[in-house]
Amino acid sequence: MDYYENLLSRLKLLNPGTKIFISKILNREKVLFLEKLIEYLKKINEKEQEVKLLSRDEMLKKVEEIKKLIRDGEPIDNFIVDIFALVREAARRTLNMRHFDVQIIGGLVLHYGKIAEMATGEGKTLVATLPLFLNALKGEGCHLVTVNDYLAKRDTQWMGPIYHYLGLSCACIVAYKELKDKYTLPAFKFDPTYLPPDSRFLYLKPISRKEAYLCDITYGTASEFGFDYLRDNMAVRKEDQVQRGLNYAIIDEVDSILIDEARTPLIISGPSEESPSLYYEVDKLVRKLVKEKDYIVDEENQTVTLTEEGIKKCEKLLNIGNLYDGTHTELIHHINQALRAHNFFKRDKEYVVKDGQVIIVDEFTGRLMPGRRWSDGLHQAIEAKEGLKIESENQTLATISYQNYFKLYKKIAGMTGTALTEALEFKEIYNLDVIVIPTNKPLRRIEYDDEIYATEKEKFNAIVKEIEELYKIGRPVLVGTISIEKAEKLSKLLERKNIPHKVLHGKNHEQEAAIIAQAGKLKAVTIATQMAGRGVDIILGGNPEIIAREETLKILWSKKREKKGVKKEYIDLINEIEERYKKKQEEIEKTIGNNLKELKEKIKNIEKVLYEKEKQIKENFEREIFEKNLLGQFSKYLPKLEKLKNIYEENNEKLQKLTEKFKDSPERLKEIKEITGKSYREYINFKNSLKKRFEIWTKEDIEEKRNHLISFIENLSQEKEISKTYNLIVEEIKNTILGYFKILERTFKEIIGLDMENLNKRITKYIEFLSENQVVFDEKFLLEFKNKEYQIYKNLENAFIEIEKKIFEKYSPEYPQIEKEYEKVVREYEKIQNKYMEELNIARENYEKEKSQYEEEWKKIKEEMEKSPEEFKEIYEQLLEKYKKPWEEEHKKVVELGGLHIIGSERYEARRIDNQLKGRAGRQGDPGSSKFYLSMEDDLLRIFGGERLKVIMGKLPEGEKITHPLITKMINNAQKKVEARNFEIRKNLLEFDNVLNEQRNIIYTMRQDILENRNIDEYLKEYIYEIVESAFNEYLDERIKPYMWNIEGFVRYFKTKFGLNIEIENIENIQNLLSWRDSLKEKIKNLFFSIIEEKEKQIGDFFAELKRFLFLQVIDNRWKAHLRAMDELREGISLRVYAQKDPIIAYKHESFQYFNEMLKAIREEIISNLLRIQVTEKVVLKQREIDRKEFLHKQYDQFATTKEEIEPVPIERKSNIPLKTQKIGRNQPCPCGSGKKYKHCCGKNV
């Protein structure tokens, strides 16, 4: 077997579906593609010697010839061999790096729009230069998508010489928050002649964003490319747009961006006007709720549900009658988010608190993500939980998901070390095949079977034992943990064994390079969150260059600190500050925290007594009502009522016990839940049948009828017969309230006689209010109506509550005293809780203040060294020489010991993340090994492990482990289960986002036409036709009899919307009504056109610019309002399930209605504004102020959540159009022609 046949067989072995002979038939396309790759490789290798003989000028000439042929229409594939050979030679000459054959194969895979899976350390950065250069020759630009700004700059500096040598330009874009120096711009172009004072920007010439996109190849992050697309579609001038067509993109770490970040839409948003105080109030409330009693937690679906007891408790603490009456929707949302914050989001796992802010920890890498925020109020709920200052929520102005953004490119490809496990998703959603590329040197990593223990304690003991054994022989170990919390727990266990080690996690990511550099050294023990899996190479024996650099920093630090009389190392100082802070937290917890726990337990006990009392009181209250209102037949129905009630209570008690027993296996509760639910329905249905038969009404019935009213008001736009439906609802409410009033009067007259008059007045007031108001679909009216109705109903509800309290005293005289005691304890609890949060905040502020002093100093020293490395060259080179020789010896010893050993302390939800951790060992042919330790208490096995595995583990004695390929397979199945669930979530998100994507494409296409002054007159003509047709169909519908036409409404519509006076003669005198109707239609259309033509003559050439501005202003405002409506629709659409509706179908249907309403509003507002333009002495174009925007990454809450804030974008302004200098009165018409007063239009912010 020759070299190329061997390479082909390696390719087939790595790629599923190509290994055996029959694959040529079953998977013919993939097999042929692999064979084609080898054919191309042969030709490129043959071409290499020929290209080596060419001078640079000859190479440039060759590139120009190929460029011309491609732009003349020749297929780009015809030049693969020539270009790949040229780029390979250019890399050899400029960087002294020759593309390996496997890298050539990787480049070919990327060119053909597929994903290349290449192991860590195989040189993906160099691979990308091949397809980028080839595709850039079309002259349409190519994008290389990196995971952060640092890599975008680094790769531009590093690979720039290759492109420059062959005559192509290369640039990078960075986030605006990166721009700290005043001379920098948001983009850089590679220019070997540019030598700035700051060596970090060597060869990077600052340019504008637009110039960067005009370069042949542009590097940048996914978020910046996406945000630029959104910003371009918010621009008010064509020249403000920066991107050109989206041609070809290679996505580095494609699984991170298209899988991990797929649930993170890009959002440009502005601040909303919500008050943060409610978050604090709700946080205090949820701290008083008890898990499993007041709310049920579903860990698998990450949801929290209030129980009946929890609802009552919330209503009592908030002093409201009914939490679910339709007026407290926002409050319910806040409670749910606060409960999620307390139950699913743990400090030092999902987030850390740093510098007074909640900073999200990336679940896939363990890195901190400053600036990102969870959406839908979750981030604010966590800020309230931690007692921090709450940042306001934001309103969406423009949005797109990564999935839909990258689908806009003509061709995309991707590179990563771990994509095969997600191949199905890549194919189904992005139509991208995954091709696994062989390593340049054979992989020597040994992968051991997983070891599984019953408890986490046993698992950690086993890990520590293995670390201890390996430490004794000197073999380096890297331990991967799933969270910061677990990393620190393992660290404490190693400290007890006196094993020196380093901890790397999101809290100290600044020291990442230094820690990882030494992870391959002899006797090195490194504990890391999953962030160790990406971005930094681990070299066996340590990395002498990074070690020398870190030592240089320490020397510079020591010199500066000696002047101040401090001799301690930076790390030691930080560790001391951390330790002091921890001790202070423990002290607060021991004193105030314990007091809080005692009070919470006391509250719990009083609540138990209150609950039992309330239950007994309400039973007696209900019983007496039934006795006195069942017309002497109560004894006849009582036995059955009692029997059904007892059956339900027995089943409910059994359910509570089993819930506690099987809290980790909720699926086992299915049967008992169904039995309990059935018994409850039977009891309630029988009771309701008695109430209906004997016309017995209760306060709950009043609330139910009122909820019907609120629901009707909220969904008024979908109602056809508004007046008729409203009157029916009001009649139902009236009968129910009066019915309950009579029941109280008849049953408890001797107790509440004096209060009945007051109650009667409030009932009359509420019924009169409902009867006197006829609801109409008008936003202002509905808002006023809802506010007024709530106030009047609240007064009525309070009267009912006061009367019920008096009645309840009859059944339990001690109840008011217990309630007072409860309120007293709650107030005490709140007082101590405030003190507790205050003490913690003071401790944290002191800690951050002290720590930041040293951090700033360290950062400055580091920046000085990076800016001017020449000044510290001598120290650095001495240290490098010192560490180089020992490194060679250490490297040899570590290789002999078996290389780096990876220990996984837990399996991740996705096999891909585990593979990233394993990939840290066995880099570029180095030896290595990996082993995972698991326990039945791990989240993955606890939630998804299955009963079979739990039964096996339950039989093991303490400390016993299981190691078997079958068990490893069962764990893989659990991971596949989670991956499938996450895939479905992402797929579901895409279905939702596709709805908005179609609407976005329509709006953005229309907007681009306007921006480029294309088809504006056609749009105007179309709008006028549609407005007139729509009005005729609504008011003068030819399908109904003329006497039913709404002529008054027709005339009023044109008068109020457009200021047109339409005169219509008596239709009884018209003989041919249909002909008259068509004639009137043409007359109105012509009237529109004539007024617009008249305005154009009066204003002159400036009218075209005015039209363009009006179009853009109306489209942007209406689109912004539409996005807000879609956000709100999206939040509640899942509730359609309870109405037996598919949420996606409901979302499509309702969003289509919203979109049509928006388009109609755009048409009417544009035409109305044009018709109402007032010509003054000088017509003035309103110079649009671009608000400061915050740029956010956000994830819809039902799909778990994330948000990213990016600094406001500075807008480069051109000279303003001269404005009218005469002073305008605030109540005068605005000179922009909008028809509004100056103070409500252009003068709003003056």
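**Helix packing, sheets and selected residues**

In this model, helices α36 and α39 are roughly perpendicular to each other. The structure is a predicted one, and the arrangement described here is that of the model. The axes of α36 (residues 1047-1058) and α39 (residues 1143-1171) cross at roughly 70° and come within 9 Å. On the side of α36, the contact involves Tyr1053, Lys1057 and Phe1058, which meet Glu1164, Ile1167, Ser1168 and Leu1171 of α39. When these residues are sorted by class, four are nonpolar, one is polar and two are charged.

Helix α17 (residues 423-430) packs against helix α34 (residues 965-1011) at an angle of about 10°, and the axes lie 11 Å apart. This angle makes α17 roughly parallel to α34, because angles under 35 degrees fall in that class. Two packed helices are in general described by the angle between their axes together with the distance between the axes.

In total, the protein contains 39 helices and 24 strands. Of its 1246 residues, 52% count as buried. Considering contacts between residues at least 6 apart in sequence, 76% link residues at least 24 apart. The mean pLDDT is 81, and 86% of the residues reach 70 or more. Residues 178-184 have pLDDT below 50, and this stretch makes 10 contacts in the model beyond near neighbours in sequence. The pLDDT is also below 50 over residues 1177-1223, a stretch with 154 contacts beyond near neighbours in sequence.

Nine strands form an open sheet with mixed pairing, in the order β5-β4-β3-β6-β2-β7-β15-β1-β16. From one strand to the next, the twist averages 20°. Within this sheet, β7 (residues 248-252) and β15 (residues 411-416) run parallel and are joined by five bridges. Isoleucine 250 has alanine 413 of β15 as its bridge partner. Helix α8 (residues 149-165) lies across β2 (142-146), β3 (170-173), β4 (187-190), β5 and β6 (217-221), and runs at about 175° to β3.

Strand β22 (residues 900-904) is paired with two strands described here. Its pairing with β19 (residues 477-481) is parallel and comprises four bridges, in which leucine 478 has isoleucine 902 of β22 as its bridge partner. Strand β23 (residues 927-935) also runs parallel to β22, and five bridges join the two. Leucine 900 stands opposite glycine 928 of β23. Strand β22 is mostly covered, with five of its five residues buried. Leu900, Ile902 and Gly904 point one way from the strand, whereas His901 and Ile903 point the other way, and all are buried. In a regular strand, the side chains alternate between the two faces of the sheet.

Lysine 42 belongs to helix α3 (residues 28-52). Its relative accessibility is 27%, so lysine 42 counts as partly exposed. Valine 81 is 39 residues away from lysine 42 along the chain, and the C-alpha atoms of the two are separated by 9.4 Å. Asparagine 431 is situated in the loop between α17 and β16. Its phi is near 55°, a positive value in a residue other than glycine. With a relative accessibility of 55%, asparagine 431 counts as exposed, because that class takes values over 50%. Asparagine 1015 lies in the loop between α34 and α35 (1016-1035). Although asparagine 1015 is not a glycine, its phi is positive, at about 60°. Its relative accessibility is 39%, so asparagine 1015 counts as partly exposed.

How values were computed
Residues are numbered from 1 along each chain as its sequence is written. This is a predicted model: local features need pLDDT of at least 70, side-chain atom pairs count only at pLDDT 80 or more; totals for chains, interfaces and linings use all residues. Side-chain values use heavy atoms; hydrogens and water are left out. Two strands pair if DSSP finds at least two bridges between them. Axes are lines fitted to C-alpha atoms, for helices over the stretch in contact, and angles run from 0 to 180 degrees between N-to-C directions. Contact means heavy atoms within 4.5 Å. pLDDT is the predictor's confidence in each residue, from 0 to 100. Angles under 35 degrees count as roughly parallel, over 145 as roughly antiparallel, 65 to 115 as roughly perpendicular and the rest as oblique. Ala, Val, Leu, Ile, Met, Phe, Trp, Tyr, Cys and Pro count as nonpolar, Asp, Glu, Lys and Arg as charged, and the others, Gly among them, as polar. Buried means under 20% relative accessible area, exposed over 50%, partly exposed in between (1.4 Å probe, protein chains only).
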